[in-house]
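I opened my notebook to jot down what I looked up in this structure.

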Amino acid sequence: MPNLHLTRRTFLRLAALAGLGVSIAALEKTARPVGLGNYLRWLARGQTQNLAGSPALVGLGTCPSYDDDVLGCLRDLWRQAEIPDVSGKRVLVKPNLIDVIENHPTTTAPAVVGAVLDLLAEMGAGEVVVGDGPGFRREAWPVVEISGLAAVLAERKIPFVDLNYDDPRPVPVRDGWFRHASAIWLPRHVCEADLVISVPKLKTHHWAGVSLSLKNLFGIVPGARYGWPKNFLHINGIPTSILGLYQLVRPMVAVVDGIVGMEGDGPLFGAAVPHGVLAAGADPVAVDSTCARLMGFDPQKVGYLWLAGWAGVGQVDRVATRGGSMEQLRRRYQAPPGGTLT
Amino acid sequence: MSTPALDFLLASQNSDGGWGYAQGQASTTEATATTALALQNDAAGDECYRRALDWLRTAQHPDGGWGLSHEDDESGWETAWAVLALTRVGDETGALDRGVNWLSAVKRLQITDDELQKETREKAGIDPNLDGWPWLPGEATWVEPTALAMLALGALPPTPAILARLNEAVRYQHDRRCRGGGWNFGNPIMLGGSLPPRAHPTAWAILALARVAPETIQPEDVTALRAEMQRDGGALALAWGLLALRTLDQNDEEAAARLSAQQRPDGGWNQNPYHTAVAILATQGHL
C-alpha cells in the first residue's frame, strides 16, 4: 500500500475542491427543473435588475364608483406612470371575461374598459380591438353581452375578438419559460398588436394567489388549440406559464380595475370588495406587485411575482408609486383557499 | 335543413376544402369535421363534403392523430372529431384505423403518489384512476374531450377493447357529474366547494352518454342543461344543448327560438362556419 502523505495545503485544496463539487451538484439539482442555463441567466439578470435597474413607475388613483370620472382618473394615472405614447399603434385591449356569475364580481367592469378605449381614442391610437379567450366558456360573446361590455363596445364601434378562435399561429417561445414547447400558438390579434393593454379585475386566485394583469394573459391562449381550460399552462407550472406568456406579448401596459375587487375564493366565487382604486403602469410586474400590496399581501409570497423579481422580468420591490397613497388605499383582502398565500 | 344556412356553409368553404372558425380564417379540424357532419346528408353539399373529407385525410399526422390545422404538427383532442367524421364514410386509406389507434393509445397524466391521490379526491371530488381523455397528450383528463372520444369510438363497430374503454368512460362521466346534475369542465367540487354545471360540457356529456349508456342520464342532468342554455344564451350553448335534448327526443322551444333569432341575414351564425354547422346539426337532431 503506498504511503500517502497529506500536507495541510493539499488537504485544504482537496476540501475546497470537494466543496466546489458539492456546490455545483446542489446548483445543478436546484436548477434541474428549468435547466442550468436558464437558471444562471435568470439569476444574473435578476441580480443586475436589483442592483442597477431603475424603479418602475405605477400610477395609483382613487375612484369610488363606476359612475365617477373613471376616464379622468385613468388619464392622470397614464401621465403619472409615464406610459409610452400609443399614437398610431394597433392595440389589443384584454379585459378579464372569465365568466359571469351572479353576485360575484368576476369580470373587468365595462366602465373601466370603456375608459381605456376613450383614452386610446384621445391619444390617437390606431386600430383598437377588445378581446379575450375565457378558459371556462366555449363562446365569449355571451359574457360580453351579459356583463354589459357589448353596449360599451357598440357605442364606440370597437370590435370584439374571441381569442379562443382567432386564427391562431405558432410563436417561438422566449426566455426558457416553456421548457417542453418550441412554440406557443397565439391569436392573430395578439401577434399583430403593437401593444397589449391588460385590464384585469383586482382579485384573488386559488392557484396563483392573485389574478391581475399577468395572470390575465391566460386568456390570450387559444382554447381551439389547447382546450378548455388551457391545461398545458397548469402542467407547465402556473408561475412559469404566466412569465412565459408575458415574454411573448411585450410591450404591454397594465390597467387594473380595483373599483370593486374580489377577495376569498377567486377567480370565480369570491366576495366583492368596494375598494375604489385604479392602478396603471408599463411594467406589469410592478403593477401586479403594487396591487398585491393594495390587497394586503406580500408580493414575495405570490409565486409568479417572486419568480419575476428573482429572474429580472420586472420590478417587484423597486417600485415608485405616484398619485394615491399606498397607506390610505391598502385593504386587507381575505386570502384565497388552498393556502397559496399563507 | 335551412337553405340559407347551407348556402352560408357552401360559400364559406376555403379553397383547400376545409373551414375555419370564421369566414376567411385558416381551416381547422374541428370546424371542418363538424361542417362535414352537417353536410353529410345533403345532396347539394356533396362536392363540398367530399373535399372536406379530403382535407381531413391530408391533415392527419404520421402518428395517426390530428391537430388544430394542417400547420399544427402535434396531435390532440381534434383527433376525435376527425375520427367521428370519417366513421360516416367507407375509408379505404386506413386513416380511420390510424386515428382510432391514436385515440385509444393517447397518454394522460397519471397520479401515482398515494398522498396526491388522496388530496385529489378530497379537493376535486374525483377518482383520479378513472381513464378519460385529455385535451393534449400527457395532460389531465376532462369531461369534454372524454365525451368527444366517446362519441367517436361509440360510432365504431364494438370490439372488446373499445367497449372496455367506453365502459370506463361512462364511469368517468358519472364520477365527474356535478352534485345537482350536469357537468362542469373536469370536477364537481374545487377545494371543498361545489362547482356549477355549464352548458357545453353538459351537452357533450349527455350526447356521449346517449350514444353509449343512455340509461345513466339523470333527469337532473337535463334540467341542468336547460337552465344553463338559458343562462348562457349564446349560439353554441343553445345549439349544442338543443342537439343533446333532441337526441333524447326532447325539445326546448324557447331555446330554439333564441337560436333562430341569432341567425344572420347571410344565413350563418356569427359569421362562423362552426357555429353554423352546430346549429344545422341541432336542427337535424342528430350528430
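This is a predicted model: local features need pLDDT of at least 70, side-chain atom pairs count only at pLDDT 80 or more; totals for chains, interfaces and linings use all residues.

In which loop of chain B is B:Asp249 found? I looked, and B:Asp249 sits in the loop between α11 and α12 (253-261) of chain B.

Is B:Asp249 buried or exposed? With 74% relative accessibility, B:Asp249 counts as exposed, because the cut-off for that is over 50%.

Next I went to chain A and found A:Asp167, which has a positive phi of about 45° and is not a glycine. I located A:Asp167 in the loop between β4 (160-162) and β5 (169-172) of chain A. A:Asp167 has a relative accessible area of 15%, so I wrote it down as buried, the limit being under 20%.

Then I checked for cis peptide bonds. I found one joining A:Trp228 and A:Pro229, where omega is about 0°. A:Pro229 belongs to the loop between α8 (223-226) and α9 (231-236) of chain A. I also found that the bond from A:Gly266 to A:Pro267 is cis, with omega near 15°. Where is A:Pro267? I traced A:Pro267 to the loop between β10 (252-263) and β11 (271-281) of chain A.

**Entry: the nonpolar cores**

Which residues touch the most other members of the largest nonpolar core? I got B:Trp81 and B:Trp240, in a core of 157 residues. Helix α11 (residues 235-247) of chain B gives the most to this core, 9 residues. I then listed the contacts of B:Trp240, leaving out neighbours within four places in sequence. Among them are B:Trp81, B:His200, B:Trp204, B:Tyr274 and B:Leu287. I also noted a second, separate core of 42 residues, which includes A:Ala125, A:Val253, A:Val255 and A:Ile259.

**Entry: two helices in chain B**

I wanted to see how α4 (residues 78-86) and α7 (residues 143-154) of chain B pack. Their axes are 8 Å apart, and the angle is about 25°. Angles under 35 degrees count as roughly parallel, so α4(B) and α7(B) are roughly parallel to each other. Their crossing is left-handed. Which residues meet there? From α4(B) I wrote down B:Ala80, B:Trp81, B:Val83 and B:Leu84, and from α7(B) B:Leu148, B:Ala149, B:Leu151 and B:Ala152. I sorted the residues of this contact and got 8 nonpolar, no polar and no charged. B:Trp81 turns up here in α4(B), and I had already met it in the largest nonpolar core.

**Entry: around B:Pro128**

My last stop was B:Pro128. How far from B:Pro128 is B:Asp175 in space? The C-alpha to C-alpha distance is 9.7 Å, while the two are 47 residues apart in sequence. B:Asp175 is part of helix α8 (residues 160-176) of chain B. Not counting residues up to four places away in sequence, B:Asp175 touches B:Gly125, B:Ile126, B:Asp127, B:Leu130 and B:Pro188.

I then took B:Lys118, 10 residues from B:Pro128 along the chain, and found their C-alpha atoms separated by 9.2 Å. B:Lys118 lies in helix α6 (residues 114-124) of chain B, and at 46% relative accessibility B:Lys118 counts as partly exposed.

Conventions: Residues are numbered from 1 along each chain as its sequence is written. Chains are lettered from A and ligands numbered from 1 in the order in which they are written. Side-chain values use heavy atoms; hydrogens and water are left out. A nonpolar core is a set of buried Ala, Val, Leu, Ile, Met, Phe, Trp, Tyr and Cys residues joined through side-chain atoms within 4.5 Å. Buried means under 20% relative accessible area, exposed over 50%, partly exposed in between (1.4 Å probe, protein chains only). Helices (H or I, at least four residues) and strands (E, at least two) are DSSP runs, numbered from the N terminus. Contact means heavy atoms within 4.5 Å. Axes are lines fitted to C-alpha atoms, for helices over the stretch in contact, and angles run from 0 to 180 degrees between N-to-C directions. Angles under 35 degrees count as roughly parallel, over 145 as roughly antiparallel, 65 to 115 as roughly perpendicular and the rest as oblique. A crossing is left-handed if the near helix is turned anticlockwise from the far one by less than a right angle, and right-handed if clockwise. Ala, Val, Leu, Ile, Met, Phe, Trp, Tyr, Cys and Pro count as nonpolar, Asp, Glu, Lys and Arg as charged, and the others, Gly among them, as polar.
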